[in-house]
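Dear colleague,

I am passing on the structure we spoke about, and I would be grateful if you could look through it alongside the notes that follow.

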Amino acid sequence: MARGVAITGMGIISAIGNSVEENYISLIENKIGVSRIQNISTVHADVIKVGEIKKTNKDLVDELKLNEDNNFSRTAMIGTLAAKQAVENADITNINEFRTGLISATSVGGMDMTERHYYDYFEKPELTKYITCHDGGDVAEKIAEELGLKGMVTTISTACSSAANSIMLGARLIKTGKLDRVIVGGADALAKFTINGFKTLMILSDDYNKPFDNTRKGLNLGEAAAFLVLESDEIVAKQNKKVLARVSGYGNANDAFHQTASSENGDGAYLAMKKAFDVSGLRPSEIDYINVHGTATPNNDLSEGRALLRIYENEKVPDFSSTKPFTGHTLAAAAAIEAVYSVLAIQNNVVYPNLNFEVPMEEFDLKPQTTLKNKTIEHVLSNSFGFGGNCSTLIFSKS
């Protein structure tokens, strides 16, 4: 097996907690964060459920101690909070001591501010400051500025696989010697645009999402941010750092099947997993837990399930579950929060429950783990698939 890249710090804010510890407690105690919409004024408020962070924008401004005239979007604020947690968790006191980069993933960017003030820009010049925070790159710039980071800063936006690709790129930059340390992850806030967009696609559930259940109706949207600190073995040895886990494998593939739907046979998912195994040197049978993408849409779960069966051929598929019933689908942040959950699974030797599952899918005999399970976890595979056919797989391993 390849040694991989060290993970030395993690930070997260989601609908089930404002820290790594709070998120873990919620996962093992079945505390879900999916509820009716509270922070957004929308006609869908009483129709759908979402995974909403229980903080207002004012709460976030106060917590970050931002100036009153700031132009931070909600995405940038939750991203900054998570990144700061990760850096602190990694015991980094001088962010620019080594060649350090930031790779931030987002889909929503600052559109929550754009949609709020769009019609007022011409009437109220003081609001035009939010125009520049619309694009996704502004989120990364804001995070880097708050961290005091002077090195490489870039943004990845490949829909719901964005943060997985952020982690993959960060690991590759370290393995090739381009950087010594990379802060990787993603952030997405809820916005009317995404709610309306997914509603138009008719893949939102009016109830709690039920991944891999035959009666699944669709997904619940969510908002979250999570970042991990990746560091080279040289830094780990030099500073005698604690390693939480390692990024041992990664793969990205595109099935080019449809703008929003996955291939019915899971071509992209299969290829991404295959590449991740090739990079890691692991065999599929060595995986102890699979954190599936598991959006609870008819298309995704069928596609992902078939891809899993293709990878495992005549072998038994390992314990698997989707954590999206806890948090909702957090779009570009999904792979980052699930990376944190994967590392926690390794550290605590647990498999999380796939909540709300009742009826197995009629297309195949695959049943997720439905209760919290304690077992030795050495390797976790985490899937993330995005619109446009962009499929990514990460493998995390015990240090």
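**Helix packing**

The axes of helix α1 (residues 20–28) and helix α12 (residues 334–348) come within 11 Å of each other and cross at roughly 70°, where axes are lines fitted to C-alpha atoms, for helices over the stretch in contact, and angles run from 0 to 180 degrees between N-to-C directions. The two helices α1 and α12 are therefore roughly perpendicular to each other, a term used for angles of 65 to 115 degrees, while under 35 counts as roughly parallel, over 145 as roughly antiparallel and the rest as oblique. On the α1 side the contact (heavy atoms within 4.5 Å) is made by V20, N23, Y24 and L27, and on the α12 side by V340, Y341, L344 and N348. By class, this contact of α1 with α12 has 6 nonpolar, 2 polar and no charged residues, with Ala, Val, Leu, Ile, Met, Phe, Trp, Tyr, Cys and Pro counted as nonpolar, Asp, Glu, Lys and Arg as charged, and the others, Gly among them, as polar.

Before going further, please note that this is a predicted model, in which local features need pLDDT of at least 70 and side-chain atom pairs count only at pLDDT 80 or more, whereas totals for chains, interfaces and linings use all residues. Residues are numbered from 1 along each chain as its sequence is written, and side-chain values use heavy atoms, with hydrogens and water left out. Helices (H or I, at least four residues) and strands (E, at least two) are DSSP runs, numbered from the N terminus.

Helix α12 also packs with helix α6 (residues 162–175), at an angle of about 65° and with the axes 5 Å apart. Here A163, A164 and I167 of α6 meet A335, A336 and A339 of α12, and the residues of this contact divide into 6 nonpolar, no polar and no charged.

**Aromatic rings and charges**

A search of the whole structure finds 5 aromatic pairs, a pair being rings of Phe, Tyr or Trp (its six-membered ring) whose centres lie within 6.5 Å, with planes under 30 degrees apart counted as stacked, over 60 as edge-to-face and the rest as tilted. The rings of F212 and F320 have centres 5.2 Å apart and planes at 65°, so this pair is edge-to-face. It links distant parts of the chain, 108 residues apart, with F212 in the loop between α7 (192–200) and β7 (224–231) and F320 in strand β10 (residues 319–321). Both F212 and F320 are buried, meaning under 20% relative accessible area, with exposed being over 50% and partly exposed in between (1.4 Å probe, protein chains only).

Y341 and Y352 form another edge-to-face pair, at 6.3 Å centre to centre and 70° between the planes. Because Y341 lies in helix α12 and Y352 in the loop between β11 (350–351) and β12 (373–374), the pair ties together parts that are 11 residues apart in sequence. Both Y341 and Y352 are buried, and ring pairs link Y289, Y341 and Y352 into a cluster.

The charged end of R310 sits over the ring of Y270, 4.4 Å from its centre, which requires CZ of Arg, or NZ of Lys, within 6 Å of the ring centre and within 35 degrees of the ring normal.

**A buried serine**

S322 is found in the loop between β10 and α11 (324–327), and S322 is buried, with a relative accessible area of 0%. Not counting residues up to four places away in sequence, S322 touches P211, V292, H293, G294, P353 and N354.
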